[in-house]
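Please review the model below. The report that goes with it covers strands, salt bridges and aromatic rings.

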Amino acid sequence: MSRKVFLDCGTNRGQGLRQLVGRLGIDSSWLVEAFEPNANGCNTAKHLEDMPYVKLHNKAVYDRTGVVEFSIMTEDDQGSSIRKYMDSGICIDENHPSYRNHDCVIEVECVDISDILKQYDDSDFIAVKLDVEGSEFAIIRKILKDGTIKKINELFVEWHTPYLSSETPQTEAELKSNIQNLGVKLHDWH
């Protein structure tokens, strides 16, 4: 029997999850996994108390399993991130609002997105939200390369292209095209 699965990668305080609950019809019949490496700092569990069916993981979703440096941002409008993704682009311009000084860096566990997807059957309906502050490029390249992207039916991605000197609007467009060519319904998030 097929299941409905929602993977919220970079859930923060559950804001995106709440937006997609109505849009996708997410309820207690779904398997919902939320990933937030700064879950204690964001008080994620407290913000999701009214959604007891959400399984919260205090880990970053990434292209591999292990440990990474994670830069905690205290500003409400700036997302915390795997440090290396915010060490370039507009993030190193001290005069830009997105400047990152990395005043709080911690080590966090990360889990391979492909390993997460492999837990589910090909017949399951899987929706994924990636709001991972620059890590989306590595994650998407990984699932394209190993084919696990084919397990995803709908993908919501917040692209952080201007933050990364290694990425361009062209590399973003190429990834989008590759995703859509595989029949995955792709949505730009925010």
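What follows takes the model from its basis through strand pairing to side-chain contacts.

## Basis of the model

This is a predicted model: local features need pLDDT of at least 70, side-chain atom pairs count only at pLDDT 80 or more, and totals for chains, interfaces and linings use all residues. Residues are numbered from 1 along each chain as its sequence is written, and side-chain values use heavy atoms, with hydrogens and water left out.

Helices (H or I, at least four residues) and strands (E, at least two) are DSSP runs, numbered from the N terminus.

## The six-stranded sheet

Six strands form an open sheet with parallel pairing. Their order is β3-β2-β1-β8-β9-β10. Two strands pair if DSSP finds at least two bridges between them. The edges are β3 (54-57) and β10 (185-188), and each pairs on one side only. Neighbouring strands of this sheet are turned by 15° against each other on average, direction ignored. Axes here are lines fitted to C-alpha atoms, for helices over the stretch in contact, and angles run from 0 to 180 degrees between N-to-C directions.

Strands β8 and β9 (residues 154-157) run parallel and are joined by 4 bridges. K129 has F156 as its bridge partner in β9.

## Pairing around β7

Strand β7 (residues 105-112) pairs with β4 (residues 60-62) in the parallel sense, over 3 bridges. Here Y62 stands opposite D112 of β7. Strand β7 also pairs with β5 (residues 66-71), in the antiparallel sense and over 6 bridges. In that pairing G66 stands opposite C110 of β7.

## Salt bridges

The model holds 11 salt bridges. Each is a side-chain nitrogen of Lys or Arg within 4 Å of a carboxyl oxygen of Asp or Glu.

K129 and D8 meet in one of them, at 2.8 Å, N to O. K129 lies in strand β8 and D8 in strand β1, so the pair ties together parts that are 121 residues apart in sequence. Both K129 and D8 are buried (under 20% relative accessible area; exposed is over 50%, partly exposed in between, with a 1.4 Å probe and protein chains only).

D121 and R3 form another, at 3.9 Å, N to O. D121 sits in the loop between α4 (113-118) and β8, and R3 in the segment before β1 (4-9), so this contact ties together parts 118 residues apart in sequence. D121 is partly exposed at 41% relative accessible area. R3 is also partly exposed, at 30%.

K142 and D146 show a local case, with the closest N and O atoms 3.7 Å apart. Both lie in helix α5 (residues 136-146), 4 residues apart, about one turn of the helix. K142 is partly exposed at 22%, and D146 is partly exposed at 32%. Elsewhere, salt bridges that share partners join R3, D121 and D124 into one network.

## Aromatic contacts

There are 3 aromatic pairs. Rings of Phe, Tyr and Trp (its six-membered ring) pair if their centres lie within 6.5 Å; planes under 30 degrees apart count as stacked, over 60 as edge-to-face and the rest as tilted.

How are the rings of W30 and F125 arranged? Their centres are 6.0 Å apart and their planes are at 85°, so the pair is edge-to-face. The pair links distant parts of the chain, 95 residues apart. W30 is in the loop between α1 (15-24) and β2 (31-35), and F125 is in strand β8 (residues 125-130). W30 is buried, at 3% relative accessible area, whereas F125 is partly exposed, at 27%.
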